[in-house]
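Open your viewer and follow along, one selection at a time.

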Amino acid sequence: DACQALCLSPKKNIPKETLWMLSNIAAGTPGQAARLIQHTTLIDTVFEILRKGVAFDVMPLNQSVVIPLLVAKEAVYIITNLIEVVDYSQISTLLGKGLVSLFAALLANPSYSNIALQALVSLQALIEATQKQSAAELQSLTTQMETCGMLEALEDLQQHPSQKVYEIAVKILEDFFEAGDEEEANPSTRE
């Protein structure tokens, strides 16, 4: 598949630009986003980029391809846009691919602190979509989040220098896990 090959290109900007294009498709109509999810090989490639990028600061997909942080950021935008556009049955497809554990690992990796905000926005959209589906689905999601270490990652993000990251992490903890801000005071280093 041509798009998959472009995502894995050894040329510096090709993967980033390809993922940017895919994030625009994901942000399109519900039909366009659904077709993107149905393209299993392509979505699996996006997940693989994020998985490998979380495991390593820079991701070797093969001997000649290295995926930098900006590529991972574009992959997160794809997921965010899909969650915001598609219906819950299609979100379930993403959940089945390990989305929760992937985001937990992403949020826990300090190398990805620059994309923590986008990952949190995506996580918040995921939680809200699940909440609209049913209380049972929300309970299942929060259990998955607890099991894969998401709570610890969210608690650690309360120390993040970005005020927005701090606020979203606290909101998710307070709204869905009955946990609050563990800080004594709001650090002055926040932007």
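## The whole chain

Start with the surface on. The chain exposes about 9300 Å², and carbon and sulfur atoms supply 51% of that area. This is a predicted model. Its mean pLDDT is 84, and 84% of the residues reach 70 or more.

Switch to cartoon. You will see eleven helices and two strands. Now colour by burial. Of the 191 residues in the chain, 47% are buried.

## Stretches to treat with care

Colour by pLDDT and select residues 55-67. There pLDDT stays under 50, and the model has 27 contacts for this stretch beyond four places in sequence. Then select residues 180-191. Here too the pLDDT is below 50, with 25 contacts in the model beyond near neighbours in sequence.

Select W20, M21 and I25. Together they form a nonpolar patch on the surface, with about 260 Å² of accessible area. Keep I25 selected. I25 sits in helix α2, residues 14-26. Is I25 buried, exposed or partly exposed? Its relative accessibility is 32%, so I25 counts as partly exposed. The cut-offs behind that call are under 20% for buried and over 50% for exposed.

## Helix α4 and T45

Move to helix α4, residues 40-55, and pick T45 within it. T45 has a relative accessible area of 6%, so it is buried. What does T45 touch? Show Q4, C7 and L8: T45 touches these, leaving aside residues up to four places away in sequence.

## Helix α6, side by side

Next, select helix α6, residues 88-96, and show side chains. Y88, Q90, I91, L94 and L95 are buried. Why do they lie on the same side of α6? They cover an arc of only 155 degrees around the axis, which puts them on the same side of the helix.

Step just past the end of α6 and select G98. This glycine takes a positive phi of about 95 degrees.

Key
Residues are numbered from 1 along each chain as its sequence is written. This is a predicted model: local features need pLDDT of at least 70, side-chain atom pairs count only at pLDDT 80 or more; totals for chains, interfaces and linings use all residues. Side-chain values use heavy atoms; hydrogens and water are left out. Buried means under 20% relative accessible area, exposed over 50%, partly exposed in between (1.4 Å probe, protein chains only). Helices (H or I, at least four residues) and strands (E, at least two) are DSSP runs, numbered from the N terminus. The arc is that of the directions from the helix axis to the C-beta atoms. Contact means heavy atoms within 4.5 Å. Patches are made of residues with over 30% relative accessible area and no salt bridge: like charges are joined within 9 Å, nonpolar side chains (Val, Leu, Ile, Met, Phe, Trp, Tyr) within 5 Å. Accessible areas come from the Shrake-Rupley method with a 1.4 Å probe; for residues, only the protein chains shown count as cover. A salt bridge is a side-chain nitrogen of Lys or Arg within 4 Å of a carboxyl oxygen of Asp or Glu. pLDDT is the predictor's confidence in each residue, from 0 to 100.
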